Amino acid sequence: MVCPKCNGKGFVDNPRFYSYKTGCNDAYMHGIEPTKKCKNCNGKGYIISDINGVASRLLSAANGSTITPREAKQMYDVIMK
């Protein structure tokens, strides 16, 4: 299923970027990115916990995004349960 925290993007806003003491421009100049990897889905945008998660992830893979070995293992485990 699509991650509810990042809404399938795989990244979330970085509060450090927006709360930088001298502003967003300085934060960017110091290498602080405006977004960071979502910890809920580990930056994948999908959470594979049931057969619907497997189906939605396979559909996105059919549209061009790749499946990592970790995701393939998660899908296998869900299907075999």
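A: S60 touches Y46 and S65, once residues up to four places away in sequence are set aside. The model is predicted. S60 lies in helix α3. Its relative accessibility is 12%, so S60 counts as buried, the cut-off being under 20%.

Stay with α3. The helix runs over residues 51–62 and is part of what covers the buried residues of α4. R57 forms a salt bridge with E71, and their closest N and O atoms are 3.0 Å apart. R57 lies in α3 and E71 in α4, so this pair ties together parts that are 14 residues apart in sequence. Are these two partners buried or exposed? R57 is buried, at a relative accessible area of 4%. E71 is buried too, at 3%.

Now α4 itself. Helix α4 covers residues 69–80, 12 residues in all. At 1.5 Å a residue it should span 16 Å, and its end C-alpha atoms are 16 Å apart, which agrees. Which residues of α4 are buried? They are E71, M75 and V78. Seen down the helix axis, the buried residues fall within an arc of 65°, so they line one face of α4. The face turned away from this buried side carries the exposed residues P69, Y76 and M80.

The structure holds 2 salt bridges. Besides R57 with E71, there is one between D77 and K73, where the closest N and O atoms are 3.0 Å apart. D77 and K73 are 4 residues apart in α4, so about one helical turn separates them. D77 is partly exposed, with a relative accessible area of 29%.

Go back to Y46, one of the contacts of S60. Y46 also touches C41. Leaving aside neighbours within four places in sequence, C41 is in contact with C3, C6, G10 and I47 as well as Y46. In soluble globular proteins, nonpolar side chains tend to be buried together.

How many disulfides does the structure hold? It holds 0. A disulfide is a covalent bond between the sulfur atoms of two cysteines. Take C3, which is buried at a relative accessible area of 0%. The cysteine sulfur closest to that of C3 belongs to C6, and the gap is 3.8 Å, too far for a bond. The cut-off is 2.5 Å. Then take C38, buried at a relative accessible area of 1%. The closest cysteine sulfur to that of C38 is in C41, also 3.8 Å away and too far for a bond.

G10 is another contact of C41. The place of G10 is in the segment before β1, a strand of residues 11–13. G10 is buried, with a relative accessible area of 7%. Beyond four places in sequence, G10 touches K36, K37, C38, C41, G43, K44 and G45.

Methods:
Residues numbered from 1 in each chain as written. Predicted model: local features only at pLDDT ≥ 70, side-chain atom pairs only at ≥ 80, totals over all residues. Heavy atoms only, no water. Helix = DSSP H or I, 4+ residues; strand = E, 2+ residues; numbered from the N terminus. Expected span 1.5 Å × (residues − 1). Buried < 20%, exposed > 50% of the residue type's maximum accessible area, 1.4 Å probe, protein only. Arc of directions from axis to C-beta. Contact = heavy atoms within 4.5 Å. Salt bridge = Lys/Arg side-chain N within 4 Å of Asp/Glu carboxyl O.
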